[in-house]
Amino acid sequence: MNIYGMTLTALRDHLSERGENPAKSEIIFDGIYRRGITEFSQLGFSRRVTEMLEHDFTFGLPEIAERLDSSDTAKLLLRLNDGEFVETVLMRQSFGACVCVSTQVGCAMGCAFCQSGRLKRRRDLLPEEIVGQILAIQQSFGVKVTGVSVMGIGEPFDNFDNVSAFCDIITAGKGLAVGESHITISTCGLVPEIYRYAELSHPCNLAISLHAPNDALRDTLMPINRRYPLAELIKAAEHFSVKANRRVTMEYIMLSGVNDEPQYAQQLSELIGDRNFYVNIIPYNPTEADSFEKSSCERIMAFYDVLKKNNIGVTMRREFGSELKAACGQLSAAHDER
Ligand code: SAH
């Protein structure tokens with residue numbers, strides 16, 4: 001087993017089964033995530049315990065195949081054990097180092113504007129492969145990761161168990177101790193999993209890739225909408241916001257002439273109403289594979305103004321990473337084309 005895929009609870013259970021004191025799990029987490037040890041002999045346990053750990057666990061991290069760096073954004077292309085590739089992006093923000101992690105190799109959701117969907121879903125990432133992305137970024141760029149967006153390649157709720165194990169591992173206080181409120185999981189709208197997520201004892205933040213305020217338009221952009229239409233999606237998001245007492249982000253990519261008309265901002269305001277949601281307006285990142293275009297600044301501002309006038313909370317995402325092809329929806333498609 002890979003040690004980076006073990007939650008604290010799983011490690012504790014494993015130690016108990018082996019007749020060891022489960023409290024050792026915290027010493028192990030502290031050693032591997034805080035001190036960065038890569039050999040069990042560095043933990044100061046007896047020879048018997050060290051040998052047991054060496055026998056049961058490995059320290060496998062993905063291999064760095066390519067490293068790109070610019071002032072505020074950096075990107076790693078990582079090679080997994082079976083030869084598949086994933087990408088991870090580092091955003092150096094004023095308040096700390098934020099990482100955007102991938103959760104699958106490819107994606108099955110097929111959104112019209114997204115490059116990842118073109119790659120098809122090849123497999124889910126294991127918890128250790130998602131944790132490995134954080135560790136690879138920390139080691140490669142000498143940063144301490146303080147925020148995580150689960151918004152890279154893949155649909156996180158299509159890999160629910162592994163993504164929640166990943167969250168458990170990186171939030172453990174004895175380990176990386178990333179705060180739950182500094183982690184955001186973004187979904188295209190898998191309604192049953194939103195309800196499952198609301199049941200977790202310590203859920204992180206939730207973002208919904210909304211991108212359209214009515215079913216007719218959303219059906220044309222996101223196939224998932226035919227399975228879980230907007231009324232159900234909004235109901236699920238509201239349930240989460242009430243249950244977890246968290247504000248839910250509604251992501252909205254601005255596609256010129258498609259969803260950026262002021263009338264859509266009005267519809268969006270009505271859809272949101274007085275729920276505990278806010279809108280994050282995202283500039284579209286043009287890709288070669290589709291025919292969408294970026295909305296003009298004027299269009300974006302007009303849309304923003306309608307939401308503001310209707311008292312909807314709204315922010316605009318800074319455009320990170322477009323020079324590295326690290327912007328949303330472009331991860332690893334560039335690699336695949338080579
Ligand atoms: N599958 C998840 C997470 C990955 S996508 C989801 O759908 O939310 C992360 C975000 O990037 C989503 O909001 C997605 O809609 C957006 N995105 C995809 N392609 C994009 C593009 N070309 N430009 C801007 N944002 C894009």
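Since the model is predicted, local features need pLDDT of at least 70 and side-chain atom pairs count only at pLDDT 80 or more, while totals for chains, interfaces and linings use all residues. Residues are numbered from 1 along each chain as its sequence is written, and side-chain values use heavy atoms, with hydrogens and water left out.

Ten aromatic pairs turn up in the structure; rings of Phe, Tyr and Trp (its six-membered ring) pair if their centres lie within 6.5 Å, and planes under 30 degrees apart count as stacked, over 60 as edge-to-face and the rest as tilted. One of these is the tilted pair of F40 and F57, at 6.4 Å centre to centre with 55 degrees between the planes. This pair ties together distant parts of the chain, 17 residues apart: F40 sits in the loop between α2 (24–35) and α3 (47–56), and F57 in the loop between α3 and β1 (63–69). Helices (H or I, at least four residues) and strands (E, at least two) are DSSP runs here, numbered from the N terminus.

F40 also pairs with F59: the ring centres are 4.6 Å apart and the planes are at 40 degrees, so this pair is tilted too. Again distant parts of the chain are linked, with F59 in the loop between α3 and β1, 19 residues from F40. As for accessibility, F40 is buried at 2%, whereas F59 is partly exposed at 23%; buried means under 20% relative accessible area, exposed over 50% and partly exposed in between (1.4 Å probe, protein chains only). F57 is buried as well. Ring pairs join F40, F57 and F59 with Y4, F29 and Y33 in a cluster.

Turning to the helices, α10 (residues 262–272) and α11 (residues 297–309) pack at about 30 degrees with their axes 8 Å apart. Axes are lines fitted to C-alpha atoms, for helices over the stretch in contact, and angles run from 0 to 180 degrees between N-to-C directions. α10 and α11 are therefore roughly parallel; angles under 35 degrees count as roughly parallel, over 145 as roughly antiparallel, 65 to 115 as roughly perpendicular and the rest as oblique. On the α10 side, contacts (heavy atoms within 4.5 Å) involve residues including P262, Y264 and L268, which meet α11 residues, among them F303 and L307.

Helices α4 (residues 127–141) and α5 (residues 160–171) pack at about 45 degrees, with axes 8 Å apart, and are therefore oblique.
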